[in-house]
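Have the sequence and the model ready as we go.

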Amino acid sequence: MAQQIVEVAIIGTGFGGQSTAINLLKQGITDFVMLERRAFMGGTWCQNSYPGAQVDVQSPLYSLTQEPYPWSQMFATQPELEAYTNQVIDKYGLRNKARLNFNVAHVRWCDENLHWLLTSDRGEQVQARFVVSAQGPLSNPVIPDFPGRERFQGESFHTNHWNHDYDYRDKRVAVIGSGASAAQVIPTITPEVSQLHVFQRSPHWVLPRPDRVFSPRVRRWLGKRWVYQSLRRTIYWALEWRVFAFKYAHGLMRFFAQRPALKHLRTQVPNAELRAKLTPDYTIGCKRIIVSNTLYPALSQPHVTLHSREDSIAEINDRGIQTTQGQQIDLDLIVYSTGFDATDGAVGYELIGRGGKHLQEAWHEFPRAYLGTTLPQFPNLFLVTGPNTGIGHTSAIFVIESQMKYIMQAINYAREQQKPIEVTAQAEANYTNMIHREMRKTVWHSGGCNSWYKSKSGHVIAMFPGFSFVYRIMATRFKPQHHVLIRGKDENR
């Protein structure tokens, strides 16, 4: 099997991979390949096609800066996001750069030739000078190891792998999980199922979704670049103030967010017993806030049963679920809306750096990276949406595009010096210490909840503890003194 040799290998074809490819093309770098484990390109919004899938950031901001689009509504649904994704892919000719069904299993740095060797689970290989890992933090779905799960005789799947061939109409359905995906699935399928059982580990704060459908005239204006950019900037700065509440003044969260959330709950859930089950016991913002106008009315329907932690899953058997209260619930379908391994397992392949350094060793305490992007002893390797690059108040694409400013400068510096580049251990340590010092001020650290934002160590790994424009400033100011150039073995003789 022939080994493909390229200058840059991009792992993933979602917005992170697309941004990388577009920026490489702008730099005049055309010798790259995009490795996609699926049979299609596009990432999250092409893969996650479950009923009701919709973005929870305003569409004009949740898009690439230079790629305006005439969105049909403020919060785009999955089909429109998929159409936008494919438009970007086709505009830049990225299908010609992709290798589909290439599931990266191993990535190893070769000290002899100063290149990375990427190997798929089928033994295919790509050799690359640089690697940009853009598989995304929400790409490795997790299903807890419930006792007896394999015994269930009905249909079951994760929301990330929705089986559209299965007809759930008039079926007895359980949704396990109550996070963002579940909050979209539940209202969508409720009118069509005969019974719905929702298993909630802990309730989420829910705010109304300020959605609106754009008229044809507004959509035409959105297609104009200057209008699009103006609207993006307006939305961006309207959202950015939330950092004050997340980090500096938690009382603002309680006043401007928790009070409206409680009012939303009281208005939409008249039943006091159900309302009690849906009332969180932690500060709003500690977990991801759900925006929905339809979740509470769906949970209030007579054929819907909400199971709280006190009535959780004891086991799954061939007929369905037995609860800890001893109730047997017979089911036709179990939907696992149980999230992703977004912290400790964010890199879904074996990664071995310079001198045989394993990523598991580098991250033995908790995942960490300089600017959430680079690690010592992993030359010419860049993680898109790596540790502590998540954002709780604005668009993740803003952070991705900020990372691109650093990544492109680093690649160009290494190309000019004709040597691999890596961040120094001291620079990474200083950055990581700063991140977790600042994190102690945030609601994600002290809000009284245990969320997927945290790794097993208890450190908040998913989020950046500050203003997104501060991260962009840091990413834009490339500092050669924070990096070293790696010599080949022949140069060290």
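Q: Why is F467 called buried?
A: Its relative accessible area is 13%, and buried means under 20%, exposed over 50% and partly exposed in between (1.4 Å probe, protein chains only). So F467 counts as buried. Before we go on: this is a predicted model, in which local features need pLDDT of at least 70 and side-chain atom pairs count only at pLDDT 80 or more, while totals for chains, interfaces and linings use all residues. Residues are numbered from 1 along each chain as its sequence is written, and side-chain values use heavy atoms, with hydrogens and water left out.

Q: What makes F469 partly exposed?
A: F469 has 28% relative accessibility, so it counts as partly exposed.

Q: How many aromatic pairs does the whole structure hold, and how do you know that F467 and F469 form a stacked one?
A: A search finds 29 aromatic pairs. For F467 and F469, the centres are 5.1 Å apart and the planes make an angle of 25 degrees. Rings of Phe, Tyr and Trp (its six-membered ring) pair if their centres lie within 6.5 Å; planes under 30 degrees apart count as stacked, over 60 as edge-to-face and the rest as tilted. The pair F467 and F469 is therefore stacked. Both rings also belong to one aromatic cluster, together with Y236, W237, F244, Y248 and F398.

Q: What makes R472 a charge over the face of F398?
A: R472 lies at 3.9 Å from the ring centre, over the face of F398. The rule asks for NZ of Lys or CZ of Arg within 6 Å of the ring centre and within 35 degrees of the ring normal. K97 lies over the face of F32 too, at 4.9 Å from the ring centre.

Q: Which residues of helix α15 are buried, and why are they said to be on the same side?
A: In α15 (residues 468-476), the buried residues are S468, Y471 and A475. They cover an arc of only 55 degrees around the axis, which puts them on the same side of α15. That arc is taken from the directions from the helix axis to the C-beta atoms. Helices (H or I, at least four residues) and strands (E, at least two) are DSSP runs, numbered from the N terminus. Among the elements covering these buried residues are α6 (225-240), α12 (396-417) and α13 (425-439).

Q: Why is strand β6 called largely enclosed?
A: Seven of the nine residues of β6 (residues 125-133) are buried, so the rest of the structure largely encloses this strand.

Q: How do you know that β1 and β6 pair?
A: Two strands pair if DSSP finds at least two bridges between them. β1 (residues 4-11) and β6 share seven bridges, in the parallel sense, and I10 has V132 as its bridge partner in β6. β5 (residues 115-120) is joined to β6 by four bridges and runs antiparallel to it, with W116 opposite A128. Three bridges join β6 to β18 (residues 381-383), which run parallel.

Q: What makes β7 and β12 edge strands?
A: Five strands form an open sheet with parallel pairing, in the order β7-β16-β8-β9-β12. β7 (155-158) and β12 (304-307) each have a single partner strand, so one side of each is left without a neighbour in the sheet.

Note on methods. Contact means heavy atoms within 4.5 Å.
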